[in-house]
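Colleague: I am new to reading protein models, and I would like to go through this one step by step. Could you show it to me and take my questions?

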Amino acid sequence: MDVSFIQKPEIQQLLDRAAGVQESGGNSRLKAIFRDLTQSVMELIVKHDISESEFWLAMKYLADSSAEIGLIVPGTGIEHFLDLYMDAKDAEVGASGGTPRTIEGPLYVAGAPLVEGDVNLSIDPDEGTQTLYMSGAITGPEGEAVPNAIVHVWHANSKGWYSHFDPTGEQTPFNNRRRIKLGKDGRYAFHSKQPSGYSVPPGGATDQLMQALGRHGNRPAHVHFFIEAPGYRTLTTQINFGDDPFAADDFAFGTREGLLPVPSRQGDTAYIAFDFQLQRAASEDDQNFSARYRAEATSEPEKEIA
Ligand SMILES: [Fe+2]
């Protein structure tokens, strides 16, 4: 049987009714999307002749995997696809250029201490790893210094765990997380205990999927950023360490050309010089963060360090 089966009047009527097409209430955009989504699932079932057992196995997987949805989405390439789609739409309206955007990932926590100056991100000792020094400038499309930017920076510790999400419970809240308020010159500098790459939780839903696909669930060491500044488009990006073994093989597809600096390493220290170039905001909305749900916590003022 082929997918033309879906075009049978009985199936099309089922889709209309399931999506509330004839109902006056509800959200018309959602109805249209939901109808197409349901039809796509039906087409998949027919195209691959999915059995009832296989279908319910997939439903069980979905039901059990909700806690890892933030890893499954990048692991499937969909989060990177969103970036590629936004890039393509930018290109259509001539809004390309600047530092590439890349995936946010699921581990940002709002409310990190707002600090100024040459900032130390690491509260916890995290012995045995290099100290990372990273600095550079935030510029606009013409290379102009961007004044009054806020750089949100977050990364894992040397074990690959993020504060607030560390199952060992050993990290101080907001360890390796800060919002850095910049001045008129747009220059930033911070140091921290160098992060390691990490893998998805062994045996978890993402790991199961990766193994079933013959893939791995590793990310190279990386540092996440949001950069916001009045009049400029908020940038979501990250740098991945160019000398990490997984630099070119990131399970989450977060590594992009232009975002792979190779740290210069000497003894206990690693240096990265990296400039970020923002685009000008074309609308008020460009300056906002996406409406993605994010964890939130409150930082205690005495923990703020400059
Ligand atoms: Fe990350």
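Modeller: Happy to! The chain has six helices and 15 strands, where helices (H or I, at least four residues) and strands (E, at least two) are DSSP runs, numbered from the N terminus. This is a predicted model, in which local features need pLDDT of at least 70 and side-chain atom pairs count only at pLDDT 80 or more, while totals for chains, interfaces and linings use all residues. Residues are numbered from 1 along each chain as its sequence is written.

Colleague: What share of the 306 residues in the chain is buried?

Modeller: Let us begin with the word itself: a residue is buried if 20 or more other C-beta atoms lie within 10 Å of its own, exposed if 12 or fewer, and partly exposed in between, with C-beta atoms placed from the backbone. The C-alpha atoms fill a box of roughly 65 × 45 × 35 Å along the principal axes. Of the 306 residues in the chain, the buried share is 30%.

Colleague: Among contacts between residues at least 6 apart in sequence, what share joins residues at least 24 apart?

Modeller: Two residues are in contact if their C-beta atoms, placed from the backbone, lie within 7 Å. Counting contacts between residues at least 6 apart in sequence, the share that joins residues at least 24 apart is 72%.

Colleague: Is Thr 206 buried or exposed?

Modeller: Thr 206 sits in helix H6, residues 205-212. Beyond its neighbours within four places in sequence, its contacts are Glu 68, Leu 71, Ile 72, Gly 75, Val 200 and Gly 217. Because 25 other C-beta atoms lie within 10 Å of it, Thr 206 is buried.

Colleague: How does Ile 11 count, and in which helix is it found?

Modeller: Leaving aside neighbours within four places in sequence, Ile 11 is in contact with Ile 6 and Met 42. Ile 11 has 14 C-beta neighbours inside 10 Å, so it counts as partly exposed. The helix where Ile 11 is found is H1.

Colleague: At what angle do the axes of helices H1 and H2 cross?

Modeller: Two packed helices are described by the angle between their axes and the distance between the axes. Here axes are lines fitted to C-alpha atoms, for helices over the stretch in contact, and angles run from 0 to 180 degrees between N-to-C directions. The axes of H1 (residues 9-18) and H2 (residues 28-47) come within 9 Å, and they cross at roughly 140°.

Colleague: What do we call that arrangement, and which residues of H1 make the contact?

Modeller: Angles under 35 degrees count as roughly parallel, over 145 as roughly antiparallel, 65 to 115 as roughly perpendicular and the rest as oblique, so H1 is oblique to H2. On the H2 side, the contact is made by Arg 35, Thr 38, Gln 39 and Met 42. On the H1 side, the residues are Ile 11, Leu 15 and Ala 18.

Colleague: How many of the 13 residues of H3 are buried?

Modeller: Helix H3 covers residues 52-64 and reaches 18 Å from its first C-alpha to its last, close to the 18 Å expected at 1.5 Å a residue (the expected span is 1.5 Å times one less than the number of residues). H3 lies largely in the open, because the number of its residues that are buried is zero.

Colleague: Which strands are at the edges of the open sheet of five strands?

Modeller: Two strands pair if DSSP finds at least two bridges between them. The order in this sheet is E2-E6-E5-E10-E11, with mixed pairing. Each edge strand pairs on one side only, and these are E2 (114-116) and E11 (235-240).

Colleague: In which sense do E5 and E6 pair, and what stands opposite Val 153?

Modeller: E5 (residues 150-154) and E6 (residues 177-181) are joined by five bridges in the antiparallel sense.

Colleague: Which residues stand opposite Tyr 133 in E7 and in E13?

Modeller: Strand E4 (residues 131-139) pairs with E7 (residues 187-193) in the antiparallel sense over seven bridges. E4 also runs parallel to E13 (residues 269-273), with five bridges between them. Opposite Tyr 133 stand His 191 in E7 and, in E13, Tyr 271.

Colleague: Which residue takes a positive phi in the hairpin of E12 and E13?

Modeller: E12 (residues 264-266) and E13 pair in the antiparallel sense over three bridges. Arg 265 has Ala 270 as its bridge partner in E13. Two residues lie between the strands of the hairpin, and the residue with a positive phi, near 60°, is Gly 267.
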